[in-house]
Amino acid sequence: MASRSVLRGAGGIVPWLVPIAVLAIWELAARGGFVEARLLPAPSQVAMAFWDTLRSGALLHHVAISSNRAFLGLLLGGGLGFLLGVINGTSRHAELLLDSALQMFRNVPHLAVIPMVILWFGIDEMAKVFLVAIGTLFPIYLNTFHGIRTVDRGLIEMARVNGLGPFAIFWRVVLPGALPSVLVGLRYALGIMWLTLIVAETIAASSGIGYMTMNAREFLHTDVVVLGIIIYALLGKAADVATKLIEHRVLAWHPAYHAAGNAA
Amino acid sequence: MSPIVRKIEQAGAVAADGVVDGEDADAAGQKLLGVPLELDNLHVAFGARKVLQGLTLDIPARQFVAVVGRSGVGKSTLMRLIVGLDRPNDGRVLIDGNEVTSLQKSVRLLFQDARLLPWQTVLSNVGIARMPGWKETALTALRDVGLEDRQNDWPAVLSGGQRQRVALARVLVGHPAVLLLDEPFGALDALTRSEMHALLERLWLRHRFTTLLITHDVAEAVALADRVVVIRDGRVTYDVDVDLPRPRRRIDPLTVALQSKILDQV
Ligand SMILES: Nc1ncnc2c1ncn2[C@@H]1O[C@H](COP(=O)(O)OP(=O)(O)OP(=O)(O)O)[C@@H](O)[C@H]1O
Ligand SMILES: [Mg+2]
């Protein structure tokens with residue numbers, strides 16, 4: 001018993017040992033001059049950069065702008081993808097009309113259209129939002145479509161026999177049945193969302209985290225560059241955690257998420 | 001007044017002439033539900049495969065009929081015709097004298113698998129039609145099948161037999177005039193199965209819906225039904241009344257004799 005609880009206590013620390021060691025070695029190497037600060041700043045320098053940009057308000061300014069673009073793009077692209085998925089998933093006619101065209105667009109890597117986007121929108125806000133939108137559209141479209149198509153036919157039949165109309169069947173049977181798949185699409189989309197934004201902001205922007213890091217690079221502020229990378233990682237992690245929370249909430253019925261096994 | 005006797009609400013029951021009398025109403029004064037069911041020369045083919053070929057069967061109101069037949073003979077197909085999910089190539093289904101041309105509100109079908117919505121609680125599954133006051137009605141039905149304490153559980157945590165009981169409760173809530181049971185107990189173990197038999201018999205004696213039970217199990221048929229029919233080659237080839245007092249015991253010599261007679265016909 002005792003040894004097991006010791007182990008469990010140690011379990012909380014053990015995963016952190018390697019990162020802490022890496023940070024310590026990195027810090028020592030930078031201070032000892034083994035690594036040039038111009039190429040890789042010490043962790044303490046990055047921390048200082050964080051503090052400075054936070055105090056000046058620049059960090060929050062850029063994070064807010066980036067998040068804004070990300071979520072606006074997701075809302076537009078994901079919303080459209082969801083809508084198309086629902087339409088094509090429920091109607092064979094719509095599928096016939098739209099699906100092969102969508103599949104063709106899907107095969108174009110969305111980052112490949114950046115030159116066109118710059119031509120159309122310049123380095124305007126719309127450019128970034130547009131890129132994020134087309135990047136997030138397809139994962140959500142595909143997973144919504146697939147989710148709706150794979151809803152158990154038997155359940156739909158059961159609902160019909162029990163007197164449910166088409167709308168009730170959609171809201172109470174088809175949509176909840178497709179939801180796990182839709183959420184998988186959302187998680188994919190979130191990954192693509194940040195990735196697209198990083199690229200877009202690095203290439204063409206006058207604000208946002210990507211701009212902040214590119215700007216810092218010009219002035220050889222490597223500490224700010226590293227800070228920018230870390231901020232991206234944190235934003236990505238936060239989005240992932242948020243979807244996990246959503247999944248736990250809306251998929252509480254799913255055996256994979258049962259905690260106490262009671263719905264109430 | 002229409003001879004369809006439907007239980008509208010327990011309190012405001014209006015008696016229909018000749019159908020509800022002292023004997024036919026249960027202790028609580030509820031009206032009994034069953035209506036006559038007539039299958040008239042039904043033909044169904046899937047492409048070149050002929051499944052039903054002139055199936056004819058007359059079932060009086062409130063009778064409990066067991067349908068026995070080999071796998072693939074068209075029993076489930078027949079159920080789908082009666083509830084109105086599919087249409088026959090030829091022939092008619094008449095429920096209380098009216099031809100079935102669309103989904104029937106007065107018919108409820110209990111599928112072989114429970115088909116519960118995993119994302120709704122047991123209570124919400126039972127009250128799936130969301131009729132006014134559905135929570136009360138659903139709870140009453142759950143009480144009937146002995147699962148009222150599981151009303152807030154997800155279906156995923158129930159056992160197979162419990163799930164089938166929830167599906168039975170869902171069917172009861174619809175106050176069916178005709179109850180179709182498509183091998184509902186096939187997947188259950190013997191003990192749970194005989195529990196379900198007792199439950200079903202109790203409910204049938206109380207509500208007296210016209211009942212059609214599909215089964216592979218001749219013993220089950222003889223234990224529960226007033227009448228057993230055998231389907232072969234797409235039509236009824238054997239039709240026998242079971243005149244044994246209820247509740248029936250399986251080891252009764254009369255029961256056993258009847259069972260082997262039916263088995264010879266399948
Ligand atoms: N939608 C369909 N399309 C093509 N063939 C079908 C369809 N539905 C049923 N059949 C065929 O009709 C025949 C009867 O099927 P049905 O499901 O009614 O059999 P069953 O008597 O219920 O069998 P079991 O006891 O195994 O459930 C089978 O040969 C089956 O393959
Ligand atoms: Mg069948």
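These legends walk through a few views of a predicted model. Residues are numbered from 1 along each chain as its sequence is written, while chains are lettered from A and ligands numbered from 1 in the order in which they are written. Local features need pLDDT of at least 70, side-chain atom pairs count only at pLDDT 80 or more, and totals for chains, interfaces and linings use all residues, with side-chain values based on heavy atoms and with hydrogens and water left out.

**View 1. Chain A is built from helices.** Chain A has 10 helices and 0 strands (DSSP runs numbered from the N terminus, with at least four residues of H or I for a helix and at least two of E for a strand). Its radius of gyration is 24 Å, well over the 18 Å that the globule rule gives for 264 residues, so chain A is more spread out than a compact globule. That radius is taken over C-alpha atoms, and the rule is 2.2 Å times the number of residues to the power 0.38. Along the principal axes, the C-alpha trace of chain A spans about 75 × 70 × 30 Å.

**View 2. A:Ser207 sits in a loop of chain A.** You'll find A:Ser207 between helix H8 (166–203) and helix H9 (209–218). With a relative accessible area of 9%, A:Ser207 is buried (buried is under 20%, exposed over 50%, partly exposed in between, using a 1.4 Å probe and protein chains only). Leaving aside residues up to four places away in sequence, A:Ser207 touches A:His62, A:Ile65, A:Arg69, A:Glu125 and A:Glu201, where a contact means heavy atoms within 4.5 Å.

**View 3. The side chains of A:Ser207 and A:Arg69 meet.** They make a polar contact at 2.9 Å. The term covers a pair of N or O atoms within 3.5 Å; within protein, one must be able to donate a hydrogen and the other to accept it, and residues adjacent in sequence count only if both atoms are side-chain atoms.

**View 4. B:Asn41 has a positive phi.** Most residues other than glycine have a negative phi. B:Asn41 is not a glycine, yet its phi is about 50°. This residue belongs to strand E1 (residues 37–46) of chain B, and B:Asn41 is partly exposed, at 34% relative accessible area.

**View 5. B:Arg62 has a positive phi too.** Here the angle is about 70°, again in a residue that is not a glycine. B:Arg62 lies in the loop between strand E2 (49–59) and strand E3 (64–69) of chain B, and counts as buried at 15% relative accessibility.
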